[in-house]
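Please read the report below alongside the sequence and the 3D view. Each heading takes up one topic.

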Amino acid sequence: MLSIDINCDMGESTHLWPYDIEKDLKLLRYVSSINIACGMHAGDSYTMHELVNAACIEGIAIGAHPGFADRDNFGRTNHDLSTEQIYDLIVYQMGALEGFLRIMDEPLHHVKPHGALYNMAAKDARIAEAICNAVYDYNPKLIVYGLSGSKLIEAATATGLKTYSEVFADRTYQDDGHLTPRTEANALIEDQQQSLDQVLQMVMQRTVTSVNEKEVPIVADTVCVHSDGAHALQFAREIKGVLLMNGVELKS
């Protein structure tokens, strides 16, 4: 039976807009893994603790979602850091989250960079290698979540780490398989049916149609849904439903 992981970025409490942890808690029923913000781009000790406890009870795989220390821009602004600084940033955030997992006697499952760090690692081998070296040195059993076809996936494989190639339900793609930058007007897919069709295409056919109508081959191990959308709960429920209806099992 074909299976897929559905992951969701969570715990992104921020001063930039209202955050509701209750929505994150409700989303747990529709996903198989979550990526918890570790206090740098967003998140705090309370959100980490509450979401770890709830996800452990639900049997959801838990990953760290490290980003740049840039709360004023939600981690979405590029930063020119040294390899050592990136390494330290990743280790610090993994350790912060894992403290709460240890209390529950549960393991950290994966690491997925956030925002600008994720996008930079998708194209920059130096940044990707620094992230993967940090993950491997911290725990070589951890899984790296990264954009399908990215430098991050290549670096993780070369480092000896297991990978989950990630695809996005609500983002458009360029002809080279990279995401359309959020600065462009067509970066987000607003139509729910279009998003559902894209998910099915990516999971069942292993391709995605770019903004220029080109079919681009991809690897889909995990589908990302975002918790901060206005209709995130309904959207996640619909994605889970359409996958199950098409014989796709949810599995972290």
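At roughly what angle do the axes of helix H7 and helix H8 cross?

## Basis of the report

This is a predicted model, in which local features need pLDDT of at least 70 and side-chain atom pairs count only at pLDDT 80 or more, while totals for chains, interfaces and linings use all residues. Residues are numbered from 1 along each chain as its sequence is written, and side-chain values use heavy atoms, with hydrogens and water left out.

## Helices H7 and H8

The axes of H7 (residues 192–205) and H8 (residues 232–245) cross at roughly 40° and come within 10 Å. H7 is therefore oblique to H8. Axes are lines fitted to C-alpha atoms, for helices over the stretch in contact, and angles run from 0 to 180 degrees between N-to-C directions. Angles under 35 degrees count as roughly parallel, over 145 as roughly antiparallel, 65 to 115 as roughly perpendicular, and the rest as oblique. Helices (H or I, at least four residues) and strands (E, at least two) are DSSP runs, numbered from the N terminus.

On the H7 side, the residues that meet H8 are Gln192, Ser195, Leu196, Val199, Leu200 and Val203. Their counterparts in H8 are Gln234, Phe235, Glu238, Ile239, Val242 and Leu243. Contact means heavy atoms within 4.5 Å. By class, the contact of H7 with H8 has eight nonpolar residues, three polar and one charged. Here Ala, Val, Leu, Ile, Met, Phe, Trp, Tyr, Cys and Pro count as nonpolar, Asp, Glu, Lys and Arg as charged, and the others, Gly among them, as polar.

Gln201 is also found in H7. With a relative accessibility of 13%, Gln201 counts as buried (buried means under 20% relative accessible area, exposed over 50%, partly exposed in between, with a 1.4 Å probe and protein chains only). Leaving aside residues up to four places away in sequence, Gln201 touches Arg206, Thr207, Val208, Thr209 and Glu215.

## Salt bridges

Side chains of opposite charge can pair when their charged atoms come close. The structure holds four salt bridges, each a side-chain nitrogen of Lys or Arg within 4 Å of a carboxyl oxygen of Asp or Glu. One of them joins Arg76 and Asp228, at 3.9 Å from N to O. Arg76 lies in the loop between strand S3 (61–65) and helix H3 (83–103), and Asp228 in the loop between strand S9 (222–226) and H8, so the pair ties together parts that are 152 residues apart in sequence. Arg76 is partly exposed at 35% relative accessibility, and Asp228 is partly exposed at 40%.

Glu166 and Lys112 form another salt bridge, with their closest N and O atoms 2.7 Å apart. Glu166 is in strand S6 (residues 162–168) and Lys112 in the loop between strand S4 (110–111) and helix H4 (115–123), so this pair links parts that are 54 residues apart in sequence. Both Glu166 and Lys112 are buried.

Lys151 and Glu154 also pair, at 3.9 Å between the closest N and O atoms. They are three residues apart in helix H6 (residues 151–159), so about one helical turn separates Lys151 from Glu154. Salt bridges that share partners join Asp9, Lys112 and Glu166 into one network.

## Helix H4
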